[in-house]
Amino acid sequence: MRFLILFIFLITKAHGVDVSEIKNIVIHKDPKTHNNVIFLDKKDKKISMKNFNGNLILLNFWATWCEPCIEEMPSLDKLQANPDLDRLKIFAINVGKESKKNVDNFFLNLNIKNFEPYYDPPSTLAKTFSLRGIPTSILLNKNGKEFARIIGSIDFNDKKFINWLKTYN
């Protein structure tokens, strides 16, 4: 019996990736369902998360005036380009109600090339996801359910974070 318990312990430790050192990650025991997750692209076209089922989704809520958002955005850009995360789709959703020109300049100044900016002009998603501040990133599994969120900024190039995220890819 002791051998069986030890074996199970070793197997789960070998396959699990510990992200407890990354203090901003909240992992949900039971994934949360959010209905009607819709936001806008640059041309004010509605984007629905229903069209992206089967992908790992990261919704990053940010604003150009947010200093932690500025700090994390380059690492988020590199994360989207990571070849080990080929099923990852990042949607950087501006909640600052800023002009598209300001947002474009923000992306240009930070050399963000691997994803486009999106918008939540009436702030409906901020309410849907009960955001308490920015940056906040919501992670949706392949079934479109929120399995984790990142409250505040992190280094998206952290190897432990990337290895953990790969388990959902």
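**View 1. The largest nonpolar core of the predicted model contains 32 residues.** A nonpolar core is a set of buried Ala, Val, Leu, Ile, Met, Phe, Trp, Tyr and Cys residues joined through side-chain atoms within 4.5 Å. Buried means under 20% relative accessible area, exposed over 50%, and partly exposed in between (1.4 Å probe, protein chains only). Leu 79, Phe 161 and Leu 165 have the most contacts inside this core. Two or more residues each come from strand E4 (56-62), helix H2 (67-80), strand E5 (88-94), helix H3 (100-109), strand E8 (146-151) and helix H5 (159-166). Helices (H or I, at least four residues) and strands (E, at least two) are DSSP runs, numbered from the N terminus. This is a predicted model, in which local features need pLDDT of at least 70 and side-chain atom pairs count only at pLDDT 80 or more, while totals for chains, interfaces and linings use all residues. Residues are numbered from 1 along each chain as its sequence is written, and side-chain values use heavy atoms, with hydrogens and water left out.

**View 2. Leu 165 is in contact with Leu 56, Leu 79, Leu 85, Leu 88 and Leu 139, its neighbours within four places in sequence being left aside.** Contact means heavy atoms within 4.5 Å.

**View 3. Helix H2 has a kink of about 35 degrees at Met 73, shortly before the proline Pro 74.** The bend at a residue is the angle between axes fitted to the seven residues ending there and the seven starting there. H2 has 14 residues and spans 21 Å from its first C-alpha to its last, close to the 20 Å expected at 1.5 Å a residue; the expected span is 1.5 Å times one less than the number of residues. Among the buried residues of H2 are Cys 69, Glu 72, Met 73 and Leu 79. Their cover includes E4, E5, H3, strand E7 (136-140) and H5.

**View 4. Asp 104 and Lys 42 meet through their side chains in a salt bridge (3.3 Å, N to O).** Asp 104 belongs to helix H3, whereas Lys 42 lies in the loop between strand E2 (38-40) and strand E3 (46-48), 62 residues apart. A salt bridge is a side-chain nitrogen of Lys or Arg within 4 Å of a carboxyl oxygen of Asp or Glu. Lys 42 also forms a salt bridge with Glu 116, with the closest N and O atoms 3.4 Å apart. Glu 116 counts as partly exposed because its relative accessibility is 41%.
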